[in-house]
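Work through the exercises below with the structure in view. Try each task before you read its solution.

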Amino acid sequence: MESDAKTKAISALWIKYKETKSIEIRNALAEHYLPLVRIVCGRLAVSLPQHLDRDDLLSSGFFGLLDAIDRFDITRNIKFETYAGLRIRGAMIDYLRSKDWVPVSMRQKIRKYEQTVCRLETELGRAATDKEIAADLGISIDDLQTLVNQCNSATIIPLEEYLKTDANDATDMNPANSTELFEIKETLAKAIERLPEKERMVVSLYYYEEMTLKEISLVMHLTEARISQLHTKAIFRMRGYLAQSKEDLL
C-alpha cells in the first residue's frame, strides 16, 4: 500500500511539474530519482583511475538527471528510469571524455592491440588466442596480460564509441529509427556471439543482467581481477568487429 501511495505521489508531482515548471517540484523529483545517478556512476566507475574524482562524476550525472526531468514526456509509453539512465550516463561520459586521462602512448598501444585482434580474427574466422595475439604483436604472454590490464582504463566507455544511442532516439517511434536500432542490436548480438565462452558470459552478465564485476566473479568462481581482464579482452574484440562492420556499411 505504501508503495502504491508513493507511486501516486510521484505521478502527481510529474503532472504538476509539467504544468508549472516549478523549481521546487523539479528538485523534489530529482531527490526521488537521485539513487539512479549513484547506480549509473557505480557501473561506469568499474575501472576508473584513482585520480579521477568520483564526486565530479556524480555531479555531472546529477545535471544529466535534471536535464532528463526537463525533457521527459510523461505522455510517452516509457519508464522515466530508462530515459533518465541514458541521459545520466551520457552526461557522465561527456565528463570522462573531457578529462581524456589516457596518455597518447597508451592510446597507440591500445589501437595497435585492437587492430591486431580484429585482423587476426578476420583472417582466422574465430576468436584469436592469447598466444596468437602475443606472437603477432611480437611480445610475450606475460607482456600481453600486462597490456590488457593497462587497457582497463580505456574500457570505461567501451561500446558507446560504436553504438551511440541518444536518449531521444530511445523514445522515438519513427519507423526509420526503429529499423536502425534493430540493425545496431543485430550487429551487437553478432559481435557477442563471436566471443569465447567466458568472455561472452561476462559481457552478457554485465550488460544484460546488469551485474557488477564482483557479482560476476562469484557466479563464475573467478577472481574479480580475472573478470575485469575478461571484460577488457571482450570489449576490444567487439570494438574491432563493430568498427569493421561500420566500415563495411560505408
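Two rings of Phe, Tyr or Trp count as a pair if their centres lie within 6.5 Å; for Trp, the six-membered ring is used. The model is predicted.

**Exercise 1. Aromatic rings**

Task: find how many aromatic pairs there are, and which residues form one aromatic cluster.

Solution. Start with the pairs. By this rule, the count is 8 aromatic pairs. Now look for the cluster. Trp-14, Tyr-33, Phe-72, Phe-80 and Tyr-83 form one.

**Exercise 2. The fold of the chain**

Task: state how many helices and strands the protein chain has, and give its pattern along the sequence.

Solution. Count the elements. There are 12 helices and 0 strands. Then read along the sequence. The pattern is α-α-α-α-α-α-α-α-α-α-α-α. Residues 24 or more positions apart account for 67% of them.

**Exercise 3. One glutamate**

Task: locate Glu-121, then decide whether Glu-121 is buried or exposed.

Solution. Locate the residue. Glu-121 sits in helix H5, which covers residues 104-124. Apply the cut-off: buried means under 20% relative accessible area. Glu-121 has 5% relative accessibility, so it counts as buried. Finally, list its contacts, leaving out residues up to four places away in sequence. Glu-121 touches Arg-126, Ala-127, Ala-128, Arg-194 and Arg-237.

How values were computed
Residues numbered from 1 in each chain as written. Predicted model: local features only at pLDDT ≥ 70, side-chain atom pairs only at ≥ 80, totals over all residues. Heavy atoms only, no water. Helix = DSSP H or I, 4+ residues; strand = E, 2+ residues; numbered from the N terminus. Buried < 20%, exposed > 50% of the residue type's maximum accessible area, 1.4 Å probe, protein only. Contact = heavy atoms within 4.5 Å. Phe/Tyr/Trp six-rings, centres within 6.5 Å; stacked < 30°, edge-to-face > 60°.
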